[in-house]
Amino acid sequence: MFGIQSRRDLTMELQSQIPILRPSIHARRANIVVKFQDLYGFTVEGNVDDVNVLNEVREKVRNQGRVWWALEASKGANWYLQPDILLIGDGIALKTSLKISTLTNAITLKRLIRKGIPPVLRPKVWFSLSGAAKKKSTVPDSYYSDLSKAVDGMVTPATRQIDHDLPRTFPGHPWLDTPEGHAALRRVLVGYSFRDSDVGYCQGLNYVAALLLLVMKTEEDAFWMLAVLLENVLVRDCYTTNLSGCHVEQRVFKDLLSQKCPRIATHLDNMGFDVSLVATEWFLCLFSKSFPSETTLRVWDVLFYEGAKVLFHAALAIFKMKENELLMTHQVGDVINIIQTTSHQLFDPDELLTVAFEKIGSMTTNTISKQRKKQEPAVLAELDQRLRRLNSLKESGKSS
């Protein structure tokens, strides 16, 4: 599909081997910054301590892979795709008629996913558990191919913006930042812009789609993962023209920060710090620009099974992890620096997810949905008022 299948096969082979990173003796002695590529080809900068953390993470990935394969051997291949288990994963109320074994499998699967899906299994597990496979099955097999051919050469505001953003999407990546990578990413983004004209294209989707391309085996599967993400997993209107859904998420996050981290929220409010300064990118790019790739994908493991609530868990965890440092700040710039530095250096996904699920506390999808409904009227009113002001300014400009 990409025209460089051999390179992608090699990448998957390297993923399964998960080599140990070994900085030079000079780097170890001087404790200087070293550069290396992670499992998905991104260049990572860090000191030797960071390398040690990454080696520990890679060992955890190996161990987790053994657990998944052992369960496949004992429970049968694709045991996690039983319909009743998928219903539980979707948050549907448990029925007393469900077998104990089914409930046990569902609980096991949730724990497994929170501990991470092995890289070689991610494409299959994501595609099945997210609902992408089901969505794809409702249309002819040639849907994506036909769509790509039908829209090839068409020019719209969306396609122009996509062409502008392609070279700025993970520049320097050994595959994404090549003609082949740009072409594959363009086909996915342009195709979806025609599939859903309400969304079209929004900046931020380029990073999400690019990371999906690196994880999934085919361009077509990446397209369907993007479709299920925007149509079923995330809140509607997050990527529409006025970004109303994203504005709602920011307000919900601010409320949750006050509930879960009241000391931090009060301190930041007194300082005049708006959490959207850091959180907008998180919710638009789904942390793909903020976290190291494996940490991002660990969040996405849970996202595709448990839903968008994990985004709030992860965002709150970042603030919680740096609570003491944040309470010592007096300048908005210092807050931004702490948050950005922390997120960019989160090489150990377990460090983030342990805080996200054990220290933040429970948040149900239903609770977050109620919060969204509460915030929607104020957001829509604010956006309408903003639009009226813009129109008024335009009219004033014409009359003058």
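One term comes first: a residue is called buried under 20% relative accessible area, exposed over 50%, and partly exposed in between (1.4 Å probe, protein chains only).

A word on the ground rules. This is a predicted model, in which local features need pLDDT of at least 70 and side-chain atom pairs count only at pLDDT 80 or more, while totals for chains, interfaces and linings use all residues. Residues are numbered from 1 along each chain as its sequence is written, and side-chain values use heavy atoms, with hydrogens and water left out.

**Stop 1: cysteines**

Select Cys 202 next. Is Cys 202 buried or exposed? Cys 202 has a relative accessible area of 11%, so it is buried. A disulfide is a pair of cysteine sulfur atoms within 2.5 Å, and a search of the whole structure finds 0 of them. For Cys 202, the nearest cysteine sulfur belongs to Cys 246, 7.9 Å away, and Cys 202 is in no disulfide.

**Stop 2: ring pairs**

Rings of Phe, Tyr and Trp (its six-membered ring) pair if their centres lie within 6.5 Å; planes under 30 degrees apart are stacked, over 60 edge-to-face, and the rest tilted. That rule gives 19 aromatic pairs. Select Tyr 144 and Phe 223: their ring centres are 4.9 Å apart and their planes meet at 45°, so this pair is tilted. It joins distant parts of the chain, with Tyr 144 in helix α8 (residues 143-151) and Phe 223 in helix α12 (residues 219-233), 79 residues apart. Helices (H or I, at least four residues) and strands (E, at least two) are DSSP runs, numbered from the N terminus. Tyr 144 is buried at 2% relative accessibility, and Phe 223 is buried at 0%.

Now pick Phe 170 and Tyr 207. Their ring centres lie 5.1 Å apart with the planes at 80°, so they are edge-to-face. Phe 170 is in the loop between α9 (157-165) and α10 (179-195), while Tyr 207 is in helix α11 (residues 205-215), 37 residues apart. Phe 170 is buried at 13%, and Tyr 207 is buried at 13% as well.

For a group view, select Phe 253, Trp 282, Phe 283, Phe 287, Phe 291, Phe 312 and Phe 319, which ring pairs link into a cluster.

**Stop 3: charges over rings**

A charge sits over a ring if NZ of Lys or CZ of Arg is within 6 Å of the ring centre and within 35 degrees of the ring normal. Show Lys 75 with Trp 79: the charged end of Lys 75 is over the Trp 79 ring, 5.6 Å from its centre. Then show Arg 114, which lies over the face of Phe 357 at 3.8 Å from the ring centre.

**Stop 4: a loop proline**

Go to Pro 167, in the loop between α9 and α10.
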